[in-house]
Structure formats: C-alpha cells, structure tokens
Amino acid sequence: MYERKSPEIARTPSVKCSKFDDRDFIIQYDKHQVVNSTALFFCKDDHKILDGPNVVTCLSNGKWSSGPPICKNPLNCSKFDDEDFVIFYDKEPSINSSAVFFCKDMNKKLEGSNIVTCLPNGKWSDDPPKCKSAPTVKCPKFDDIELFILYDNGQDVNSIAVFFCTDKRKKLHGKNLVTCLPNGQWSGDPPKCKVTCPSIEETEGMRVFYTKNLDEGSIAAFLCSYPRTRFGVVWTTCKANGEWTDPPPKCISSSCFLEKLFDVIPENVVPVVEGVTSDTLPLNFSLHLICKNNTTLNGSDTAHCGENGTWEVSKVQCPPSVKCSKFDDRELIIHYDKEQAVNSSALFLCKDDHKKLDGPNTVTCLSNGQWSSGPPICKTTCPMIEETEGMSVSYTKGVDEGSIAAFHCLEPRTRTGVPRTTCKNNGSWTHPPARCTLLSCPLDQLFDVVPANVVPVMEGVASDTLPYNFTLRLTCEDNMMLSGSDVAKCGQDGKWQVSSIQCISGCVLPRIENSELIIEPDKSFYRFGESVVLSCSTGYVLNSDAVRLMCLGTSWSENVPECRKK
C-alpha cells in the first residue's frame, strides 16, 4: 500500500461544515470538515447500535448531507429450549450473536439449520432444527477367496473397501476401491486377480503382436521391418508366474565399417565425421567427402553404405593446391586462417580505433587464386543513434564524418535536449542524443480524485511519478468491496483518470467449476445481512446441514458446503 502524503500546495479559503455534538458519539473527520470531506460515527457505548447513516458528507453550501444518527439499545433474542439440544451461544443473545445446535442423542441427526443469528428486531433468523433418528444401513462383505480386503468403518454408509490380490504374482483388473452407498449397495463390483506379463518395448524397426494382450497364455510375436534382421526367438509366451518364456529378439540392420571407406577413396580425400560416434555405420548411411588441401572436390562428395555392407563411392579427385596473394596492410590489421589456401578466409580490422570498415570484413580465397572481394576501406564514422520510443532520427550523410543527425519527437512526446548533433573526425557526436518523453502523473495527485478509503495497489511501483498510460489498480481498505472500475490511468495531460467509485461492505461466495451447488439468489456480491439458500442438482446432496447462509459483514455465518452424489 502507498502511504498518503499531503503535498504543500497553496489553496484559496474553503467552505467548512460545523462539528457535530459528540456527547453520544466518537466522530472521525477525514479533512477538517472541508467540502466533500466525510464524518464517520461510532457509538461511545459499545452496547448500543447506530440508528441512521454512519457516514455523512460536507456539501458545498457548508451543510452536512444528513443529520447525525441516534445511538439506541438493541433488542435481545430469547434463549431456545435445550431439552433435545446442546446449544452454544457465541455471546449473550444480542444483535448479530449466533446459536449453534447439536443433538444430545448422538444416534440422532439434525433436520434444519444448525446455526441461527439474532436479528436487530429481537428475533432469531430461523426456527430451531429438530433431532430425528437416522436408520442404520450397512453394505454386505465381499467374497475374499482371492482378495485381501480392508474395510475402513465396518461397511457403514460412506465407508470404503480397498482390495489387494492375495497372490502377489497376480494383478487387479478393475477398481481397487469402492464406497458403501446409502441404499446398502457398494458403488461397484469387486475386481478380479489375473496373471499378467510386462509389456514388451517395441525398439526401432521391431513390431510386437499379442494373441491375448498381456494375460497368462498370451503369445507375443516379433516382426522386423526391412532391411533389419531378427536375432533371437520368433515368439514368446506369458507363463503362470507373470514372466515371458524367452527374452525378446533384436532387429539389427546391415552395416559398413568406417575404416573400409579409406580403401576406396584417394589419399587426399577424407570423410567429414562430425557427429559420428561409431566405427560401424548402418545401411543407407551417408558421409560427406572433402579434400585435405581445401580445394574443390571433383566428382560426387558423398560416400553411401550399400545393402551388402560395402561403401559406394563415385570416381573422385582433388586438384593441386592454389593460394591467394596477401593484401596491403598499411591501414588494416589482417588475419589469415589457413595461409591463403582455397576456401580459407581473411579477416580485416582498422588499425586506427577512430575509424571503421567500409566494405566486407571477411573475404574467401576462391579456387582460381582470387579473393571473393577486394579489401574494405577504413573510414571515420560515428555510431548509429538508437531511435527510442516516439523518436525518429534523420541524417544528412548517414553516420560518416560531418553528417548532421536531427531528432524528431512524435506527439504526445516532447523533446528534451539538442535538436541536432554532428559527427566529428574522432568518430563521436558533438552532443548526446535528445530524448522524447511523455508527461507524467504525480502519485500524490491520485488521492485528490479518489474517496478517502480507496488506495492504489503499489506492488512493483518504485517511483512517486508515473508515466503516461500507466495504470494502477484500486482497492478498498478494511476488507470492503470496490463498486465501480478499479483502474486509475495516467492521462496524456498528466492528470489521473478515475471513474466514479465507492467502497461498500459485503460478501462473495466462492465459485467451484462444474459444481452442482444451486444458490438462491445467485449474485456476485451480497450486502451485510443478506441471506442465501443452498441446494443441489438432481442426484446430488449437500455434504453438511447448512442450507442457509447469512452475510455477516465480510464473511458468511458458516462455511459454504459442497454437493456430492447420492
């Protein structure tokens, strides 16, 4: 949260409203009774409640928007008959206090609301519930000949049964857990225990086919795709102990030995083996061939591994070595990577640090003994000026010595700095570049346009002055709900743009996706004292006895229940 600061700004004399009689009240004035300020009332006697508005506003005519409220004694609610109940009162049965009911007989269940609230009229928000006997329902035990079964609560309604196979070589087929339903039936049939073998991985070039999936007695057959050859069994069978009779085969292709390639190519030709990690290469694998002396290879530059495991290479040869001549280096630093041989490179740098290359910085020696381009020239140039947001730069002669760079700002931005700068002979500009900036909004001025109990969310904000188009999210203090747009935006004129907003007390209901909960009335926000009635869609019931909730300021009278299947 941002701490409100009071900027010292000269103001003209303002209209003020007179103070109220505070014999019965604690009164908080937010801005010394000036126009649009507010007065907030509390009863000095904590046992009394306000009758009338708790907040009034000072109008431009020097009058308050309303007279002060009155502090009255609230009406108390009478206690309930506790013959059948254990009743907990959170405080004496006064306004907004609650009464919570439990049946004395643990074999009975409540029918009705288990919590009620004392209203300002001295009446409870609902009648007391009733304690009624609930019938005992149990689900039958399962056959445990092949199964080990755990019951968590003696087969009672909502208890569960968990299944395990007594024979560890077998696995469950079906659900391993079922629930006892209110009708005395389990939610599903028990699973069966079957012998299964592990799934066989299909490696590259191999397919696996099963006669009975992975069950006992199933046969797994193996097929190798061309040109791979199978090494191992044709099929294997799933045994009663959950293992296969034989390990799966391997599908291996024909291959070529890398050392044999040198028997079919000239001595000055070599293969490019980058990325090759084996001396034996598979069928159809290809290698790129080059000349040792970096001359251009005559003939096909590919060696191919044939179906019979031999290398297929066309007639190839490398021409004699060719060199390119050195360049004039009076103004240049030149790096040659391979003594000017064919396909080697020359890299250029200017000896004078104030100058830059005009032309290619790298050239290549061609097979005809000539370089791919002439050398570059060293010229004095200035660095290119970055065009920041909202600014464009125009040059008279590019970035060469003597060129003038002019700065142009696009509306609504304003230029800060020189309108132009010139490239000097030392490769630097006469002036630093201008900046194009937007008007900004002082954070303090935001508090002049929002209500007193509205504050901005300052997370990630590190400055007291914020730029054009910057937005701040607004929120209410004291857990109140904001009514209206929650965004303040810095306008082009440097002033904050805020819609009409206010803070109100109330509650919201948590929303669960795909929930079967029915809420009446269904609203996004409920004011203090409003109630909702809860029920479930057909086939579902509430998981608690709470069917009515009341908004008690910023929270509900009890937790919101969920719907579960009957």
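Phe102 is partly exposed in this predicted model, because its relative accessible area of 40% falls between the 20% and 50% cut-offs. You can find Phe102 in strand β7, which covers residues 98-103.

Let's step back to the annotated spans. The UniProt record, an unreviewed entry, lists "domain: Sushi" for residues 69-133, 137-195, 316-380 and 505-565. In the span 69-133, the end C-alpha atoms lie 50 Å apart, and the span is 38% strand and 0% helix. For residues 137-195, the end C-alpha atoms are 36 Å apart, with 37% strand and 0% helix.

Now turn to Gln33, which sits in the loop between β1 (25-29) and β2 (38-43). Is Gln33 buried or exposed? Gln33 counts as buried, because its relative accessible area is 12% and the cut-off for buried is under 20%. Leaving aside residues up to four places away in sequence, Gln33 touches Val15, Lys16, Cys17, Lys19, Cys58 and Trp64.

Finally, have a look at Asn559, in the loop between β50 (548-550) and β51 (563-565). Asn559 has a relative accessibility of 71%, so this residue counts as exposed, the cut-off being over 50%. Leu549 is 10 residues away from Asn559 along the chain, and the C-alpha atoms of the two are separated by 8.5 Å.

Note on methods
Residues numbered from 1 in each chain as written. Predicted model: local features only at pLDDT ≥ 70, side-chain atom pairs only at ≥ 80, totals over all residues. Heavy atoms only, no water. UniProt positions renumbered as here; feature names shortened; annotations may be inferred. Helix = DSSP H or I, 4+ residues; strand = E, 2+ residues; numbered from the N terminus. Buried < 20%, exposed > 50% of the residue type's maximum accessible area, 1.4 Å probe, protein only. Contact = heavy atoms within 4.5 Å.
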